[in-house]
Structure formats: structure tokens, C-alpha cells
Amino acid sequence: MTDAAAPRLGFARPSRKLLIGSVAVVCFFIAWQAVFLFIPYNSLFITKPSLMFAALWRLTLSGQLFFDLGASAAPFFYGLIAAVVVGVPLGIVMGWRVRVGQALDPLMTALYASPLVALAPLVVIFLGVGIGGKAFIVFLLTVFDFVFNAYAGVRSVDPLLLNVVRSFGGGEKDLYAKVIFPSVIPYIVAGGRIGVGRALIGVLIGEFFAASEGVGYGIVRFGNFFALDSMFAYILVVTVIAVVLTQGIRWAERAGFPWRIGQ
Amino acid sequence: MTDQRLDLALEGLADTPADESAPAASIWQRGEPFVLGLLGILIVLLIWEAVPYVVTMKAGTKLFFTPPSQVAVTLWELFATGAIWAPLGVSAAGFAVGLAIAIVVGLPLGILIGRSATLNALFDPFITAFNATPRLVFLPLVLLWFGLGLWSKVVIVAFGAVFPLLINTHEGIRNADRLLINVVRSFGAGEWDVVRMVVVPNALPYILTGLRLAIGRAVLGVVVSEFFGSDQGLGVMMVQAASQYKVNIVFAGMIVFMTLSLTMTSILKLLERRLSRWRPQRVAGE
């Protein structure tokens, strides 16, 4: 926003920000490592970055990390896909048919506001601790992100554009292809960005409750063994995945839908 | 930065007020969305209630099924016997202390990074990383550090709630009108005056939006931390009920959490609307 006033700074500013940010992260790890020169180190309580990265390396080499990642990734994707398949059409219908929207809106809002996480114990008892249970928790937590975003996307369709297409003789098919989909898809992607974070929560909850594999299970197990270096390594992995997913989608939004940046 | 505002807009979308383009609408027309919404909920509840009469369930499945009427009875009993107050109080304490800490940390930090580009660049990687990461991964660690009980709950609640507050405050501060800031400066105001007279009033609606999102996250934090690492509270009650197949109590607890969350967020929504009424640019439809 401010960049427009000073195009000369437009390039310098983001790179300066990136530089300061990277320096801050590096300093953070150095300070974390260095602080144990001054205070006693208790391996049952915290770990050092050096040990954490060593553990990460060890777990990567042994294949344990990839095994757990794979076990967590399957329910993550199944749940998300199910949420898109159910949520997007529902949201589009709610947006397109005004009365359907009015009838379902309060129900969906109430469900969205309720801590559906609370159903996790029931889901785990009912569907088991395997892929099914975890995927269903992911689905429950993310489906409303897609419903509400598709709903908002349809409602944001510019009636003027619809009329233009109609005036030039466009049929129902053209309306969908030329106006509705282009305006709904960015909303769905934005819903996906919010949903990805909640999906991660869903996978972790499923694995914390009861599981025999997966990243969440790994974190709990390492915690129980006081293997804090491995535990921190897994936490770091989850952090990196979360950042890459959300920032990746954000980047894709900017690259794919440049017309939305100003909105 | 626009995308963060997009997030806010999207998260607030569920409550966009209905179109007020027809001022001469009859009572029925104005009441229609409300009636339809009520009908929608009622129909779902009726279908749910009718399931056992239509479908014959296996004994195993029956263990997990409960009609809404049973849930209502359980909810009533919990309140009538007073059994709910002790766990609810424990949960409320964790919620209140955690949210208070989030406000005390989030607001000043948000103002600071909103006013200083360097501080913003310094904190941005951590805020992005910790905001994107589900705080659940830290739960085993927090339990290790703070033990079972109030404080690990408070930490989880505060950790989740601080980021919406921080990010929204930052966004609101950054969006302050340059012109107004320059005017106040021309009249000899220092940084403190600028913050007090222009920046914070401008950021107030953003801060309230942040607070609303923070409340939602705080409630989730209470549930999650009580599920995995606590000895008392409403969430603990629900997990224990689930393991004893007392499905009614699980749903009743969920309804209590949902009601509290909805009540608090709608109060804040009203406040947001009330407090942004003075804004000239909103009136002008900018």
C-alpha cells in the first residue's frame, strides 16, 4: 500500500525485511544454544538446537520421520479432499439459492462456532484410530471453512458481470464458466489456506488420542520417553510444514489470482 | 498485508448482515431469514431424533447414538443438580487468565510492531511460524514444563489467543491515516500523542475483531488442553464421559462450549458495530 508512493523503495523494502527476519531467526537459534553456557542444562526439561538438528538428521536417516509423515499425510489429504467435495457444492448451493442459504446459515454458523474437536473422542471410539478416524476428524474441522468460503464467493459474484454475459447472449454454461467459477475459486483457495491449519490440528488430535504411528504420536511418545531432542525435531518439522503450506497457498493465491490483491 | 485483512474478512463472513436494500419490506419478508434459519435447525434436530425410529441400529452403534431430546434432558440435569458448575468454573478460570495474558502481551506488542518497521521485520518470522503451527504440537512440551492443571491450560489458551490479537492490532495500527498523523505532528505532537490520538482509535475495530477471533481460539484451547492434559474442567468431564460411553454428556458439554463461544463473539460483534459507527469513511462507503 505504501509502496505505491515510493516505487524506488519497493524493491529494497521486502529484501530488507527478509534480511532482518533471517538474521532474527539465526540469532534466536544461536541465543538458544548459547544460553546454556550460562545456565545449567537439563536434558529432561529442554534441548539444545545442536541436539535437535542432530536428532532430526538421525530420524531422517533412519526413515522414521518419513514413515510418520506418511502415516499423518494420508488422513490429512483424505479428510481435506472429502471436505472440499462436500463443502464446496454445499456452499455454492447456499450462495446461489437465497432461501437455502438463509435456512442453513444459522445451523452452519452454530456448528462452525462449536468446538467440534470435542467430538474427537467419540469419533476415535466409533471409527477407530486408523486412517478413517483421523480423516473424519480432519473433515469435521475443515468442511465449514469450505462451505463458508464458497458461500461467500458465490455471493460476491458481481451481478453486473452476470448481466453483461446474459446481454451478449451467454447461456447458463457461460455464466458458470466465465463469471461464477473465476470468482468462487479464489475464495475456495482462501478457505483451503485456513482449512490446512485446522486440518493439521485434526490430524494431531487424532494421533494424540490414540494412534500407533504418525507425527503427533511421535511427539507424544518422545515426550513420554523424555527424548526431548527428537520431540523438538518433530515440532520443528510440523512448524515448517505448517508455514510452507499456508505461505505456499498464499503465494499461489497471489500468483494465480492477481486481480484479488487489491481487494 | 492485504491477505491478512482478507483472512479477517473471510473469517467474519459468516455474519455479514442481510441485504438491507428493501426498506419497505413487510414483517414476513424481514423475518423470513430468521424463520428459515430456525426451521433449518429444527428440521435437522427432528431428523436426528427420528433416526432410531426409522433405522434399526446394531447394539454397538446404539451405544454411540443419542437423540437430541436425551441431550437436552442431560443438559437440564447437569444444571439442575449443579454438577456442571465446578468443572465449568475450572474451565472458565483457565480461559479468563489465558485470555488476559494474551491481551496484556498481544496489544502492546501489536502496537509496537505496527509503529516500527524494523521491529516488525524482526518479529515477523516468529509470528508467522507460531501462528501457522497448530499449538497442539507444543502441548506435550507444555505439560512437561507446567504439569497438569491450571497453568499448562493458561499457556495453551494464551498462546493460541495472542496471535489473532497481535496480527489484527498490527494491521489496524498500520492502516492509520497518514494525513491525520501528519496533522497531529504539525501541531507538535510526539510519538505518544500520535499513538494515543490517531493510531489507537483507528485500530480499535481491528482490535475488537482480533479479540473476537482470540475468544474463539481461547475456547478451543480450553477444550484441547483439558482433553489431553488436565485433571479438572468441562473438557475433562467430556473425555471421561466419552470413555464411559455417556454420549449425552459429551454433546451437552459441547453445547455449553458452543453457547459460551457464540454469546461472547456476538457481544463483541455488537461492540464492533457500535464502535465503528463514528467512522466517516464507513458512512461514505469507502
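Mentor: We shall discuss confidence, the interface and the nonpolar core in turn. This is a predicted model, in which local features need pLDDT of at least 70, side-chain atom pairs count only at pLDDT 80 or more, and totals for chains, interfaces and linings use all residues. Residues are numbered from 1 along each chain as its sequence is written, while chains are lettered from A and ligands numbered from 1 in the order in which they are written.

Trainee: What is the mean pLDDT of chain A?

Mentor: pLDDT is the predictor's confidence in each residue, from 0 to 100. For chain A the mean is 83, and 93% of the residues reach 70 or more. Over residues 1-11 of chain A, pLDDT stays under 50.

Trainee: How many residues of chain A are in contact with chain B?

Mentor: Two residues are in contact if their C-beta atoms, placed from the backbone, lie within 7 Å. Here 49 residues of chain A contact 49 residues of chain B. On the side of chain A that touches chain B, H4(A) gives the most, with 11 residues; helices are DSSP runs of H or I, at least four residues, numbered from the N terminus.

Trainee: Which residues have the most contacts inside the largest nonpolar core?

Mentor: A nonpolar core is a set of buried Ala, Val, Leu, Ile, Met, Phe, Trp, Tyr and Cys residues joined through C-beta atoms within 7 Å; buried means that 20 or more other C-beta atoms lie within 10 Å of a residue's own. The largest core has 131 residues, and Ala118(A) and Ala150(A) have the most contacts inside it. Helix H10 (residues 191-228) of chain B supplies the largest share of this core, 19 residues. Among the residues that Ala118(A) touches are Val223(B) and Phe257(B).

Technical notes
Helices (H or I, at least four residues) and strands (E, at least two) are DSSP runs, numbered from the N terminus. A residue is buried if 20 or more other C-beta atoms lie within 10 Å of its own, exposed if 12 or fewer, and partly exposed in between; C-beta atoms are placed from the backbone. Lists of a residue's contacts leave out its neighbours within four places in sequence.
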